[in-house]
Amino acid sequence: MTAVPRTTDGDGTPVPQRLLAAATRLFAEQGYDRTSVQEIVEAAGVTKGALYHYFGSKDDLLHEVYARVLRLQQERLDAFADADEPVEKRVRDAAADVVVTTIDNLDDASIFFRSMHQLSPEKNKQVRAERRRYHERFRALIEEGQRTGVFTKETPADLVVDYHFGSIHHLSTWYRPNGPLSPQEVADHLADLLLRALRP
């Protein structure tokens, strides 16, 4: 059996990225359930064998559309949380950053939240565990501020986390790139709302 090449014959983009880009566009245009594997490989200019070599299934592709965003956000949150800064600044930086990175990847996020219920139970469980890890790290930052008296304890940290991420998950329903607010402006507003809810 010949090895699957790592890059295409065209622009040199690695095959996994070509498949993800094609899948993301098709899922956005047609919906996950109405997109076939054949359409994805034709749009990516690769064979079905290449898709199954890298992803195994259409289910794996949908998972990876969101997982790559979540990996980026987890890495950035870990960096903010570990920074040698006051806890209020770390929370604000992390709260704003997750808004910007979500808007920067809004197609990926909206496709995923629209189609998550179509994942296999195993993949669904995996995604929930990945998201939970992110939320728990974010909550730990808030709890640190509550322990040290920087933030009020009147509102439970869990509720604060749900409040902030509820706003983020709704971005795809109203945010438009050509609208009046830039990604950073939206991020600043939402981060400031969060901090106002946390201050004693």
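Two rings of Phe, Tyr or Trp (for Trp, its six-membered ring) count as a pair if their centres lie within 6.5 Å; planes under 30 degrees apart are called stacked, over 60 edge-to-face, and the rest tilted. By that rule, ring pairs join Y134, F138 and F165 into a cluster.

Before going on, a word on the model. It is a predicted one, where local features need pLDDT of at least 70 and side-chain atom pairs count only at pLDDT 80 or more, while totals for chains, interfaces and linings use all residues. Residues are numbered from 1 along each chain as its sequence is written, and side-chain values use heavy atoms, with hydrogens and water left out.

Now the chain as a whole. It has 10 helices and 0 strands, where helices (H or I, at least four residues) and strands (E, at least two) are DSSP runs numbered from the N terminus. Its C-alpha atoms fill a box of roughly 65 × 35 × 30 Å along the principal axes. Of the 200 residues, 43% are buried; buried means under 20% relative accessible area, exposed over 50%, and partly exposed in between, with a 1.4 Å probe and protein chains only.

Back to the rings. How many aromatic pairs does the structure hold? There are 4. Take F138 and F165: the ring centres are 5.1 Å apart and the planes stand at 80°, so this pair is edge-to-face. F138 belongs to helix α7 (residues 121–147) and F165 to helix α8 (residues 157–169), so the pair links distant parts of the chain, 27 residues apart. Both F138 and F165 are buried.

W174 and Y175 form another edge-to-face pair, with 6.0 Å from centre to centre and 75° between the planes. Is W174 buried or partly exposed? W174 has 44% relative accessibility, so it counts as partly exposed. Y175, at 5%, counts as buried.

Last, the domains. An automatic or database domain assignment sets the bounds, and the chain is divided into domain 1 (7–54) and domain 2 (58–198). Their centres, taken over C-alpha atoms, are 28 Å apart. The contact (heavy atoms within 4.5 Å) takes 12 residues from domain 1 and 12 residues from domain 2. Between them the two domains bury about 1200 Å², 69% of it on carbon and sulfur atoms; buried area is the accessible area (1.4 Å probe) that two parts lose on being put together, summed over both. Across this interface the rule finds 0 salt bridges, a salt bridge being a side-chain nitrogen of Lys or Arg within 4 Å of a carboxyl oxygen of Asp or Glu.
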